[in-house]
Each structure stands twice: as structure tokens, then as C-alpha cells.
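This report covers helix packing in a predicted model. Please look over the sequence and structure before reading on.

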Amino acid sequence: MKSHELLDAIGEAQDMYVLDAKASKKKHTSVWAKWVAVAACLCLIVTLFPIMQSMMWTEQPHNPTETLDKPIDMNAPVHFYLDGKVYCYHGEITKALPEGYEYIGEIKNVGDTFGGKDFEGNADGKIYMNGAVADIAYFSWAEWNETADGPAPFLMLERSTE
Amino acid sequence: MEDQQIVDLYWAREETAIHETEAKYGSYCHSIAYAILQDKQDAEESVNDTYLDVWNTIPPNRPSILATFLGKITRRVSIDRWRIRSAKKRGGDEITLALDELEQCVSGGHDVELQAQHDELIATIHRFLDHLPLTERRIFLLRYWYLEPIQSIASQYGFTQSKVTSMLHRVRGKLRKQLEKEGYV
């Protein structure tokens, strides 16, 4: 097989992946900004540690089974946390938002841990839901450039069954 | 205008379909063509060829996502133009030029066996992409679908160029393993 055949075959990649690659741009953080963030976190830990320690002695954790305390995988498909469940992209993409779905909030791209707060996730974008269909959400990228990339598509996210 | 309306214009053989396509997706197609050809005039001509190709393929096609339908044609047309241009630059390579010219006579027909092999290779690429981690898949496609420079990809992701290079090296290794496993190499 020749390389040009491979190049041609790659040209037939799945539409959703082609659109996704063009739309995705990881936020660039400068080196000094990272160090400022690290310093700020250290200050926060030093300040809050005694308070947290005293609280741990007096209070049991609130229903710990409902929280997902694990690292966010930036390589995983788009996913976010809401109401005790994880919604994850499974590959379906649509050109228009289905009827009945409306904007309910934006994913906060926390980048390191999944602390169990609503709308924490691994991509910057808007979430749309339909009150009658709790297990399906739709996602649109926050920084989609319609002029350069065409109309913004919507990713279908499914609620995990775990 | 909605994509579906534009597709309807093509089906009705209304020439405004091309103007609407240009207004909505002209810059998208141009960015793909320019990344491949690195020449404004060549990119412009490729985009015009894309519109003609779309005019000739809708109908019978009715694309569900017009953006990628256009993008794929722009990419193919631009790569073809790049191949012809490269052959010309090599100079005196009349055999290559003649073959390219004759290609137009046979490209309409389908060699069933070759087409089946090509389809199998596409299916392999699809499976490969399905199993790649998100960031690797995005960077692989930016490099080998959109043919963007490594420097540009690194800048978009806030990575160093060496990180992107090593990531691409790793992904190519995975692709080679899959191609070996499926008997292509």
C-alpha cells in the first residue's frame, strides 16, 4: 500500500470526527499563569487546611457514594457531571437541536478533578436538555467559529447507567 | 440559509445554490484548500472546482452534513491539484503528466476490486479512529486530514512542537500496528 492511498482513505474519516477536530482548540495557558495558579492553590490549601481538618472531626461526609472524586480525563470524549450522573458523548452528532431542548448551563472546564459539582466536565461548551428526557443532553462548543467552520453542530450526550 | 435549503436548491438545479454555498462555506473550503496548496490562486481554483463537483454530485447525493461533504471534496480536489503541480515542478516528467491527463478518462469507471479494497481501508481507518483517545484523534486529523502544519497544531493546543511530533509518531505507530494486523503492510 502506498502513502497516497492512506492519505485518500484518511480523507474519508467519519464526519463527526472531522468536525470535532476542527472545532477543538485546547486553551493555551502561559507558563507564568500556570505558576501563579499553583501558588494560589498552595496558599488556599495552607489557609483552608486547619478549617477543613476541624470540620472533618465534627461532620460526616454527605452521602459520599454520590460524588465522583476522580481525575477528569482530558482525552476522554466530551463529558460532564450533573445531578449525580455523568453524561458522555457516544458519537452521535446533529445539525439542529431537537425540539423541546433548551439551554440549561455551561460546562465549567475544571481540568484536573471531577469533584461532583454540577456542570464540571472536560470541554468548554453549552448544555441543552429537555425536561421530559433526563437521560439525553446536547452539547455545543463554546468557541465554534461559524464563519470559518460552518453552522455549529450539537453532540448528543448520554447519561451513564452506573 | 439552512443546509437543507441549499441542498434543495441543488436538487432544483438552481444556480443560486452555488452562491449560497460560497456565502456560507467559502471561507471553510478555502482554509482547507490553502492548507494543502499554500497558494492563494491555486486554493481559489480548487474551491471553484469543488463547487462544480458539488453541482455534479447533488443530485443524486443528499448530504446530511453539508460542511463535511464540501470539506471532503475540497480536500480531494486540492490534493489532486497538488499532485499535478508537483509533477509539473519536477519538470520533464511528461509521463506523469500524461498519466494524470489520462486519469480523467478512466476515473469515472469503477474497478470493482480496487473500490472494494479502498472501502476496506476506509473501514480500517474508521475503526482506528474510533479507538483513539480524543486528543490523539484530533491532532491526527488536524495533521493528516486538514494537513495543518505541526507548528500551527502546537499553537492551537498550547503544546510544544516536539510534544505534537512525538504524539503523531506514537499515533502513526498505532496505525501501522493496525494496518499490519489487518494485512495491509
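At what angle do helix H6 and helix H9 of chain B pack, and how far apart are their axes?

## Basis

The model is predicted: local features need pLDDT of at least 70, side-chain atom pairs count only at pLDDT 80 or more, and totals for chains, interfaces and linings use all residues. Residues are numbered from 1 along each chain as its sequence is written, chains are lettered from A and ligands numbered from 1 in the order written, and side-chain values use heavy atoms, without hydrogens and water.

## H6 and H9 of chain B

H6(B) (residues 112-130) and H9(B) (residues 161-181) pack at about 130°, with axes 11 Å apart. Axes are lines fitted to C-alpha atoms, for helices over the stretch in contact, and angles run from 0 to 180 degrees between N-to-C directions. H6(B) is therefore oblique to H9(B) (angles under 35 degrees count as roughly parallel, over 145 as roughly antiparallel, 65 to 115 as roughly perpendicular and the rest as oblique).

Leu121(B), Thr124(B), Ile125(B), Arg127(B) and Phe128(B) of H6(B) meet Val171(B), Lys174(B), Leu175(B), Gln178(B) and Leu179(B) of H9(B), where contact means heavy atoms within 4.5 Å.

## Chain B overall

Chain B has nine helices and zero strands; helices (H or I, at least four residues) and strands (E, at least two) are DSSP runs, numbered from the N terminus. Of its 185 residues, 42% are buried, meaning under 20% relative accessible area with a 1.4 Å probe, protein chains only. Among contacts in chain B between residues at least 6 apart in sequence, 57% join residues at least 24 apart.

Terms used: Buried means under 20% relative accessible area, exposed over 50%, partly exposed in between (1.4 Å probe, protein chains only).
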